[in-house]
Amino acid sequence: MKKWLVVIGIIGANLYSQKFIRIDGSSTVYPITEAVAEEFQKVYKDVKVLVGISGTGGGFKKFLRNETDINDASRPIKKNEIELAQESGVEFIEVPIAYDGITVVVNRDNTWCNEIKLSELKKLWEPDAQGKIKKWSQIRNGWPDKEIHLFGPGVDSGTYDYFTEAIVGKEGASRGDFVASEDDNVLVQGISSDPVALGFFGYAYYEENKDILKAVAIDPEDGRGPVLPTIENIMNGKYFPLSRPLFLYINVKSLQKIEVQKFVEFYLKNA
């Protein structure tokens with residue numbers, strides 16, 4: 001009996017000594033944060049880093065309720081979110097950590113769509129397109145008279161916010177008849193299994209799945225011609241207008257915890 005009490009006491013002490021860092025937010029930033037978290041935990045074995053994917057907007061909701069220490073974000077914090085932070089007493093630090101290029105992708109069996117104009121993307125994704133633009137042939141003459149099936153991040157996603165503002169001209173304005181998911185892996189699976197699909201998400205998910213997806217070059221219609229998303233084109237700004245910075249938002253109160261300080265330092269040195 002005494003042995004069992006000793007064992008239970010040791011387990012309880014270990015659980016009590018375990019430190020947690022809670023992170024949520026952008027599915028685009030998730031692969032970076034998850035990779036950093038895995039390496040961090042190899043060094044700091046007494047710290048557990050929990051990384052969720054609620055989308056940038058969904059993550060901010062938790063962050064501003066003091067439920068997380070860090071929010072991954074694929075867009076800057078909005079004015080109304082700053083106001084909520086002030087109301088709830090959440091002070092934060094914004095840290096840019098990378099650049100991303102929102103990548104428009106199609107199925108590997110798609111032989112006709114190698115590049116697309118910004119005006120064509122707008123025609124396809126704007127709110128008025130719902131129920132009207134249903135076929136590839138309606139986007140460009142010469143493209144097949146086949147249905148087009150659309151995939152994209154959900155409305156809580158910073159990728160959705162950025163894409164709609166850059167392409168349609170107004171954040172959050174788009175047709176609603178598309179397959180939406182905060183999990184980009186779901187979008188990858190959908191597009192890779194549908195020959196007439198088109199969708200968009202962060203560059204990292206294309207890079208990981210380029211054997212089953214095809215990236216579409218974007219023509220900004222400024223005379224330069226179509227530009228493919230590559231690391232070089234994203235970093236030098238040629239991939240316009242779908243290049244964007246990625247951020248961490250860190251709760252100042254959480255930074256009082258040594259494990260959060262160490263994690264942020266580790267992130268900036270290694271990401």
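Visitor: In which loop does P241 lie?

Guide: In this predicted model, the peptide bond from F240 to P241 is cis. Its omega is near 10°. As for its place, P241 belongs to the loop between α9 and β12 (243-251).

Visitor: How many helices and strands are there in the protein?

Guide: The C-alpha trace of the protein spans about 80 × 40 × 35 Å along its principal axes. Within the protein, the elements comprise ten helices and twelve strands.

Visitor: What percentage of the residues of the protein count as buried?

Guide: The protein exposes about 13500 Å², and carbon and sulfur atoms supply 54% of that area. A residue is counted as buried when its relative accessible area is under 20%. Of the 271 residues, the share that counts as buried is 48%.

Visitor: What share of the contacts with a separation of 6 or more comes from residues 24 or more positions apart?

Guide: A contact requires heavy atoms within 4.5 Å. Among contacts in the protein with a separation of 6 or more, residues 24 or more positions apart account for 74%.

Visitor: Which residues have the most contacts inside the largest nonpolar core?

Guide: In soluble globular proteins, nonpolar side chains tend to be buried together. The largest nonpolar core here has 44 residues. Elements that each supply at least two residues of this core include β5 (103-107), α6 (158-167), α7 (184-192) and β9 (197-201). The residues with the most contacts inside the core are V104, W125, W136, L198 and F201.

Visitor: Which residues does W136 touch, not counting those up to four places away in sequence?

Guide: W136 is one of the residues with the most contacts inside the largest nonpolar core. Residues up to four places away in sequence are not counted here. The residues that W136 touches are V106, N110, W112, C113, W143, P144, K146, E147, I148, V196, A197 and L198.

Visitor: How many residues has the other core, which lies apart from the largest nonpolar core?

Guide: The largest nonpolar core has 44 residues. Apart from it lies another core, with V29, A37, I97 and V260 among its members. The number of residues in that other core is 20.

Visitor: Which element gives the most to the lining of the largest pocket?

Guide: The largest pocket has a volume of about 260 Å³. Its lining has 14 residues, of which I32, Y99, D100, Y203 and A204 lie nearest the centre. The elements that give two or more residues to this lining are α2 (30-43), β4 (92-101), α8 (203-208) and α9 (231-235). With four residues, the element that gives the most is β4.

Visitor: How many nonpolar residues are in the lining of the largest pocket?

Guide: The lining of the largest pocket consists of 14 residues. By class, two of these are polar and two are charged. The number of nonpolar residues is ten.

Visitor: How many charged residues are in the lining of the second largest pocket?

Guide: The second largest pocket has a volume of about 190 Å³. It is lined by 13 residues, of which G57, K61, R75, N80 and E81 lie nearest its centre, and α3 (55-63) and α4 (79-88) each supply at least two residues of the lining. By class, four are nonpolar and two are polar. The charged residues number seven.

Visitor: Is D128 buried or exposed?

Guide: D128 is found in the loop between α5 (118-125) and β7 (149-152). The relative accessibility of D128 is 56%. The cut-off for an exposed residue is over 50%. D128 therefore counts as exposed.

Visitor: Is D219 buried or exposed?

Guide: D219 lies in strand β11. Leaving aside neighbours within four places in sequence, D219 is in contact with E115, I116, K117, L118, G225 and P226. The relative accessible area of D219 is 13%. Because buried means under 20%, D219 is classed as buried.

Visitor: What is the value of phi of N66?

Guide: N66 has its place in the loop between α3 and β3 (70-73). At 44% relative accessibility, N66 counts as partly exposed. Phi of N66 is positive, in a residue other than glycine, with a value near 65°.

Visitor: What is the value of phi of E221?

Guide: E221 lies in the loop between β11 (217-219) and α9. With a relative accessibility of 41%, E221 counts as partly exposed. E221 is a residue other than glycine, and its phi is positive, near 60°.

Key. Residues are numbered from 1 along each chain as its sequence is written. This is a predicted model: local features need pLDDT of at least 70, side-chain atom pairs count only at pLDDT 80 or more; totals for chains, interfaces and linings use all residues. Side-chain values use heavy atoms; hydrogens and water are left out. On a 1 Å grid over the protein atoms alone, a cavity is a set of points where a 1.4 Å probe fits but cannot get out, and a pocket is an open set with protein on both sides within 12 Å along at least five of seven lines; lining residues have an atom within 4 Å of a point. Grid points are joined across faces, edges and corners, and a volume is the space filled by probe spheres set on the points. Ala, Val, Leu, Ile, Met, Phe, Trp, Tyr, Cys and Pro count as nonpolar, Asp, Glu, Lys and Arg as charged, and the others, Gly among them, as polar. Buried means under 20% relative accessible area, exposed over 50%, partly exposed in between (1.4 Å probe, protein chains only). Accessible areas come from the Shrake-Rupley method with a 1.4 Å probe; for residues, only the protein chains shown count as cover. A nonpolar core is a set of buried Ala, Val, Leu, Ile, Met, Phe, Trp, Tyr and Cys residues joined through side-chain atoms within 4.5 Å.
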